[in-house]
Amino acid sequence: MSKEAKNNYSATLQLPRTSFSMRANLLQAEPRHQERWAGLDLYQRTRKIAHPRGRYILHDGPPYANGPIHMGHLLNKILKDLVVRSRIMAGYDVEFIPGWDCHGLPIEHMVAKELGNQVHELGTMGVRKKCQDYAWRFVQLQSQQMERLGTLADYKNPYLTMDPAYEAAVLEAFAVLVSEGLVYRDVKPVHWSIANQTALAEAELEYYEREDTSIYVLFEILDKAALPAALGAPVDSSVTLMIWTTTPWTLPANRAVAVAPDAEYSLYSYQRGSVRYYTIVAEELASHIFRLPPTPCSCWLGDNVDVERMGSVRGSELAASGATYRHPFIDYEGRIVVADYVTLEDGTGLVHTAPGHGAEDYFTGIREGIEIYCPVLGDGTFDDSVPEWLRGVDVWTANELIVERLRQSGHLFHAEAYRHSYPHDWRSKTPTIFRATEQWFIAVDRDFGEDRVSLRQRALQATRHEIAFFPEWGKSRLEGMLEARPDWCISRQRAWGLPIPAFMDEEG
């Protein structure tokens, strides 16, 4: 037997026969498949056959029209296509309309990168036209790419957020909210992107680990006689409040110190060099504070220092005393207030309060009638209302300057590196700040309608009783988000978006 005959076993096997090629030849085959599917108009044909089980609608969460599709798009669209096709085969009339989000910062950000310095010469209308052209270009590209994946949808009639009909529907919904008194304008601290100089909503944030400098700062009490006698404050020595913050750059905007109403606050005496100092901290945190290790930029000397507790009072008594303090480097006198959000988990139990730079601080300022002061401009630099050595300085550089200023003046007790999760602009990946600016908001806790139920309560009601979640844990996650979300900031300081139709009268 020849060697060729000996090794030719194919003729001896009972294998099924097929006309399929052994090679995929996708470069040649794919265009033919696409042409055949287009000729058959597959999606519309599925809508015309009998559907014994009725309609099935899958809403498509729209991708941004700002680039070619990537692996995330691929996974998203194919998983949805599995649902669409399986429902069709199960006898449903499936209406699946793809959509694209064509407005907003992601598209304007990319246009600005493409245009460079030219973007400043175009003006608002010119930028909008460029953004519209850019969005349409990628709607067409992504549509073609998604069709090439073999997905089944009504690609001839997508929904686009920049379509006039879609914009009109949004404005109609907005008009209803206005008529119900839920839309208002106010100066509030919001998440602010320095890189893109615009307000951001919670959904536009990403959280990354970041290292900042945390500092323990001494604020000198101006009128010691006003302090409760139980503290045992000395007559002939100065007394300070010790605050803790991880954002030294917000100190220029300090307007109060907040304490927990039911916590115990004690006056402690400690020696540094030949001088004895007196400071007030939460009693529960004192053992940690006076064991802090010395660092190069601290004024605290660390272990083996004589510390003595003088006396204590509750936070509510400390605030009620009316005692005021002097800001360490600003010409300002602040007071002590109570706040339920003050915890004893870390820090000193005395919270530096800047109503122009924090949501909780803002509400404290409103309640106490304290100025909502924000000296930081849109580009992240300080304005002319701060001391000269800070004017024009960006907030991140200001951190170092402020820490050194406090060290030199003797108001810095301790400073150390602090690693924490910090909000970043999801587009530029740069850290955001809280900054008080005039913005438009939708109130989520105001009652409206015949049943007088707020937007938050309506959303929670639907989440708890009207929606089925797969997997079930998604329910508690969404519930937690809805319970904690503040009023919705809907305005942006950008050109490409749906304008807010607001008209001012002569009184503004």
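This is a predicted model: local features need pLDDT of at least 70, side-chain atom pairs count only at pLDDT 80 or more; totals for chains, interfaces and linings use all residues.
Most peptide bonds are trans, and most residues other than glycine have a negative phi.

Two packed helices are described by the angle between their axes and the distance between the axes. Helix H12, which covers residues 455-465, packs with helix H13, residues 473-484, at an angle of about 170°, and their axes are 10 Å apart. Because angles over 145 degrees count as roughly antiparallel, H12 and H13 are described as roughly antiparallel to each other. On the H12 side of the contact stand Arg456, Ala459, Leu460, Thr463 and Arg464, while H13 brings Lys475, Leu478, Glu479, Leu482, Glu483 and Ala484. Sorted by class, the residues of this contact between H12 and H13 comprise five nonpolar, one polar and five charged.

## The second largest pocket

The second largest pocket holds about 380 Å³ of space. Its lining is made up of 18 residues, and those closest to the centre of the pocket are Trp37, Ala38, Asp41, Glu147 and Ala153. Two elements give two or more residues to this lining, namely helix H2 (26-40) and helix H3 (42-48), and H2 supplies the largest share, with four residues. Taken by class, the lining of the second largest pocket has seven nonpolar, five polar and six charged residues.

Ala153, named above among the residues closest to the pocket centre, is also one of the residues that Phe96 touches. Phe96 lies in the loop between strand S2 (93-95) and strand S3 (99-100). Is Phe96 buried or exposed? Since under 20% relative accessible area means buried, Phe96 counts as buried at 5% relative accessibility. Not counting residues up to four places away in sequence, Phe96 touches Tyr43, Leu58, Asp60, Lys80, Val84, Leu152, Ala153 and Asp154. The C-alpha atoms of Phe96 and Asp154 are separated by 6.3 Å, although the two residues are 58 residues apart along the chain.

## Helices H5 and H6

Helix H5 (residues 105-115) has as its buried residues Leu105, Pro106, Ile107, Glu108, His109, Val111 and Leu115. These buried residues of H5 pack against H6, strand S6 (198-200) and strand S16 (412-425). After H5 comes Gly116, whose phi is positive, near 65°.

Trp136 has its place in helix H6, which covers residues 119-148. Apart from its neighbours within four places in sequence, Trp136 is in contact with Leu160 and Met162. Leu160 is 24 residues from Trp136 along the chain, and their C-alpha atoms are separated by 9.2 Å.

## Partly exposed residues

| Residue | Relative accessible area |
|---|---|
| Trp136 | 42% |
| Asn25 | 41% |
| Gln197 | 39% |
| Glu264 | 34% |

Asn25 lies in the loop between helix H1 (3-7) and H2, and Asn25 has a positive phi of about 50° although it is not a glycine. Gln197 is found in the loop between strand S5 (183-193) and S6, and Gln197 likewise is not a glycine but has a positive phi of about 50°.

Glu264 belongs to strand S10, residues 264-272. Which residues does Glu264 contact, leaving aside its neighbours within four places in sequence? They are Val281, Ala282, Glu283, Ser312, Val313 and Arg314. Met22, by contrast, is 242 residues from Glu264 in sequence, and the two are 81 Å apart in space, C-alpha to C-alpha.

Technical notes: Residues are numbered from 1 along each chain as its sequence is written. Side-chain values use heavy atoms; hydrogens and water are left out. Axes are lines fitted to C-alpha atoms, for helices over the stretch in contact, and angles run from 0 to 180 degrees between N-to-C directions. Angles under 35 degrees count as roughly parallel, over 145 as roughly antiparallel, 65 to 115 as roughly perpendicular and the rest as oblique. Contact means heavy atoms within 4.5 Å. Ala, Val, Leu, Ile, Met, Phe, Trp, Tyr, Cys and Pro count as nonpolar, Asp, Glu, Lys and Arg as charged, and the others, Gly among them, as polar. On a 1 Å grid over the protein atoms alone, a cavity is a set of points where a 1.4 Å probe fits but cannot get out, and a pocket is an open set with protein on both sides within 12 Å along at least five of seven lines; lining residues have an atom within 4 Å of a point. Grid points are joined across faces, edges and corners, and a volume is the space filled by probe spheres set on the points. Buried means under 20% relative accessible area, exposed over 50%, partly exposed in between (1.4 Å probe, protein chains only).
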